[in-house]
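These are my notebook entries on a structure I looked through. I record below what I looked up, in the order in which I took it.

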Amino acid sequence: MATDKPRARTGKGLGFGWLLSGSCLALVFLVMVSAGLGYIRITMADVARAIFSLVSPDSMVSEEIRAVIVDVRLPRILASVLVGAGLAVSGAVFQGILLNPLSDPYTLGISAGAAFGAAVAIVLAPGFSQVSIPLSAFAGASATLFVVIFLAGSGREGRGGLSSSNLILSGIMVSAILAAGISFLKYLADEQVSVIVFWLMGSFTSAAWSHALVLLSVIVPGFVVFFYYARDLNLMTFGERSAGTLGVDTGKITVILLVTASFITAVCVSVSGIIGFVGLLVPHMVRLMAGPDNRKLLPLSLVLGGVLLLAADTVTRAVLPSEIPIGVLTALIGGPVFCYLFKRSHMTKGG
Amino acid sequence: MAFTVENLSFAYGAAPVVSGLSFTLEPGLFYGLLGPNGCGKTTLLDLLVRYRKPAQGQIRLCDKPLERYSNRDQARTVALVAQNPEIHFPYRVKDLVMMGRHPYIGRFSSPTVQDLNAVNQAMDLADVTGFAHVPVTELSGGERQRVMFARALAQDTPVLLLDEATSNLDIRHSLSLLDSVRAGVAEQGKTVISVFHDINLAALFCDRLLLMSRGKLHSQGTVEDVLNAETIREVYAVEVLVQDEPFSGSKQVFYRRDGLDPEKEALRP
């Protein structure tokens, strides 16, 4: 029976505004704390002064502290925040397009492509430079994306979109081939093998200001594109036919969002190496808090992805006795959490 | 004309699914689309909403070629309730029904009072107001179908396509939804094209029937003209009895257990 006072919100959790401002505050606070932690402990006040010295040079902070904060810690902090944000927000978009709450950038083979590109650079240019690995990783990721889209896009009639199951299948096939290629490169690599392995596990140890700027210049416009199409993406989660009859140009928007999300992933992976589960867990957690509406999901994933990855990187950098690769840490923590969520999600669906 | 279809053909690969279809659908009528599984009914609806592109032929919607419509204009003219709703994310029922207003709401605008009214009215008609704030993933199959029906009603289009939209519903909800759709046809001159497998339900509600067989139009006309034992035998290869039935006040079909037509079965590809 329909109740007569239906508008009473069965509101669980906080409003979107509170969640967003709360996460932004958490991010700022975490950046400050993280900048103070490390081999040299620096107080919050000095951190604030050092950051302020970026804008006004004559602030009262010692040159040494300034150097530690601005030249060493901030680039790494910014890079991890941006990579976390980029992976999480593009993960949310992939999940919307692939109609699968449990898929993420890696499902499409983008990361395998980037890893293969990086491995090629490491083997071919053994005196590895800061430039050749990210560039080659990016080329690998983009090439993989085109192959996957090409494989998935062939037999589709009608408006010429990409079917989600085709995309996932092509992603798996291409990933498998690339994994074999990476193994072969490792076999060829001799003494370079440790570099490849370290890169595959993900790390921010070599992050520089230039990385942070590249990330920023890709993630900000990318997010604008995502947010512009957020409502269309909501409709597209009910399938192409359904979205099409509601006036969404599914073919065009699928391609735009897919290319943008893959581009962001590729840039992130090329800076940090492979970091799994961020793109999967963060959107999932946000959905539990704020629901599946992409207009809320995307901004919250952006901020909380940054919070999560910065927290993880701070733990490996400054809390643990010796640094372990961040990709290993996120997989060790994220994997079990994901297993739990996965099991729970199909328990509640009733088998 | 709501729809004018001329010489429409479509094939998946080499196998033709719809071939040489021509018909016109007048506004203010309830059309029933009948035919055996795989005869091309859903494909025809897909062609009518531009989900698939015809290999040949032309479709005109409200006297304008379908391909000249913008996505948004088309969405303001035709709505579709599809066969198996794909639901992957836990949107609340009310938010989902509000998506039916997508073609009317600007990209960064909020819903107007008019949008909210349309949504509330549609939810009442589909009897889903009681779980307006429940995540749709927690509903049963029939309830989900009513939610998708409500979304199409909220879209408030002059033409409504139903692809077995009542197949998962109990008889009470089927009757009440078809009745409210029927009221829209009678009072506001809307056009409804509905795929049915239940011939008797189609006979109760439809003004006209279109019978399809193997991608072609077998016959069309009023229930009185089209619905008879001979047509059913030709289209479905089943022996039936068709009678005016006093309780329903309409023609109804009666089946029997050994009603398969063996000779016709042998002729099928």
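This is a predicted model: local features need pLDDT of at least 70, side-chain atom pairs count only at pLDDT 80 or more; totals for chains, interfaces and linings use all residues.

Entry 1, a backbone angle. I began just after H3(A), where A:Leu99 takes a positive phi of about 55°. Helices here (H or I, at least four residues) and strands (E, at least two) are DSSP runs, numbered from the N terminus.

Residues are numbered from 1 along each chain as its sequence is written, and chains are lettered from A and ligands numbered from 1 in the order in which they are written.

I located a kink of about 45° at A:Arg73, shortly before the proline A:Pro75. The bend at a residue is the angle between axes fitted to the seven residues ending there and the seven starting there. H3(A) is mostly covered, with 26 of its 35 residues buried; a buried residue has 20 or more other C-beta atoms within 10 Å of its own, C-beta atoms being placed from the backbone.

I looked up helix H2 (residues 44–52) of chain A, whose axis comes within 9 Å of that of H3(A) and crosses it at roughly 75°. H2(A) is therefore roughly perpendicular to H3(A), a class that covers 65 to 115 degrees. On H2(A) the contact is made by A:Asp46, A:Val47, A:Ala50 and A:Ile51, and on H3(A) by A:Ile65, A:Arg66, A:Ile69 and A:Val70. Two residues are in contact if their C-beta atoms lie within 7 Å.

I counted 14 helices and 0 strands in chain A. Buried residues make up 49% of its 351 residues. Of the contacts in chain A with a separation of 6 or more, 74% join residues 24 or more positions apart.

I found 27 residues of chain A in contact with 30 residues of chain B. Helix H9 (230–236) and helix H10 (240–245) of chain A are the elements that give two or more residues to the side of chain A that touches chain B. H10(A) gives the most to that side, with 4 residues.

Note on methods:
A residue is buried if 20 or more other C-beta atoms lie within 10 Å of its own, exposed if 12 or fewer, and partly exposed in between; C-beta atoms are placed from the backbone. Axes are lines fitted to C-alpha atoms, for helices over the stretch in contact, and angles run from 0 to 180 degrees between N-to-C directions. Angles under 35 degrees count as roughly parallel, over 145 as roughly antiparallel, 65 to 115 as roughly perpendicular and the rest as oblique.
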